[in-house]
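Please consult the sequence and the structure shown here while reading.

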Amino acid sequence: MRRVKVEVIKKVINCPKCGTPSKKHSIGKRTIKDLGYIQEVRYSKHYCPECKVFITAPVDGTNKNSRYSNKVRDKCYELVKDGYTYEKISNAMVSVYEMRIPSSTIHNWITDMDFELATTELGTEK
Ligand SMILES: [Zn+2]
């Protein structure tokens, strides 16, 4: 699969909790799976001296700590709304995008995005 390098390196970012400008501390790496390609992301880690916590530079188009881009998540959401089961979506992602996503992960996304949809019969049986 195609790999794309992405850099999100900032010198200073403001702490999301207290707003204190926080200097770059180190560099982190993460891999984010997107539709049809993989993003290899290098990002800066910062340290807030007020809160005494590490902050990571936010990467566009993905949630913190997620291994998948929001586009992948949104695609699954559309398919659930169309009435596909989590299992079928999981299989379709493998055959169309060569991307293995456990159906439990898809279920968790839908629960976060649309609790009502996640608790209907749609995603579980059809
Ligand atoms: Zn802070």
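## Strand pairing around β4

Lysine 29 has arginine 42 in β4 as its bridge partner. The model is a predicted one, in which local features need pLDDT of at least 70, side-chain atom pairs count only at pLDDT 80 or more, and totals for chains, interfaces and linings use all residues. Residues are numbered from 1 along each chain as its sequence is written. Strands (E, at least two residues) and helices (H or I, at least four residues) are DSSP runs, numbered from the N terminus. Two strands are taken to pair if DSSP finds at least two bridges between them.

Strand β3 (residues 21-34) and β4 run antiparallel and are joined by 10 bridges. Their hairpin has two residues between the strands, and glycine 36 there takes a positive phi near 85 degrees. Strand β4 (residues 37-48) also pairs with strand β1 (residues 2-8), in the parallel sense and over seven bridges. Within this pairing, arginine 3 is located opposite isoleucine 38 of β4.

## The β4-β5 hairpin

Strand β5 (residues 53-56) runs antiparallel to β4, with four bridges between the two. Threonine 56 in β5 is the bridge partner of lysine 45. The hairpin of β4 and β5 has four residues between the strands, and lysine 52 in the turn shows a positive phi of about 55 degrees.

## Helix α1

Helix α1 (residues 70-81) has 12 residues, which at 1.5 Å a residue should span 16 Å; the end C-alpha atoms are 16 Å apart, in agreement. The expected span is 1.5 Å times one less than the number of residues. After α1 comes glycine 83, with a positive phi near 100 degrees.

Val72, Arg73, Cys76 and Val80 of α1 are buried, that is, 20 or more other C-beta atoms, placed from the backbone, lie within 10 Å of their own. Seen down the axis of α1, the buried residues fall within an arc of 100 degrees, so they line one face of the helix. The arc is taken over the directions from the helix axis to the C-beta atoms. Among the elements that cover these buried residues are β3, α2 (86-97), α3 (103-113) and α4 (115-118).

## Domains and their contact

The chain is divided into domain 1 (2-56) and domain 2 (70-118), with bounds from an automatic or database domain assignment. The C-alpha centres of the two domains lie 27 Å apart.

Four residues of domain 1 are in contact with five residues of domain 2, contact being C-beta atoms, placed from the backbone, within 7 Å. The side of domain 1 that touches domain 2 has one nonpolar, one polar and two charged residues. Here Ala, Val, Leu, Ile, Met, Phe, Trp, Tyr, Cys and Pro count as nonpolar, Asp, Glu, Lys and Arg as charged, and the others, Gly among them, as polar.

Methods
Two residues are in contact if their C-beta atoms, placed from the backbone, lie within 7 Å. A residue is buried if 20 or more other C-beta atoms lie within 10 Å of its own, exposed if 12 or fewer, and partly exposed in between; C-beta atoms are placed from the backbone.
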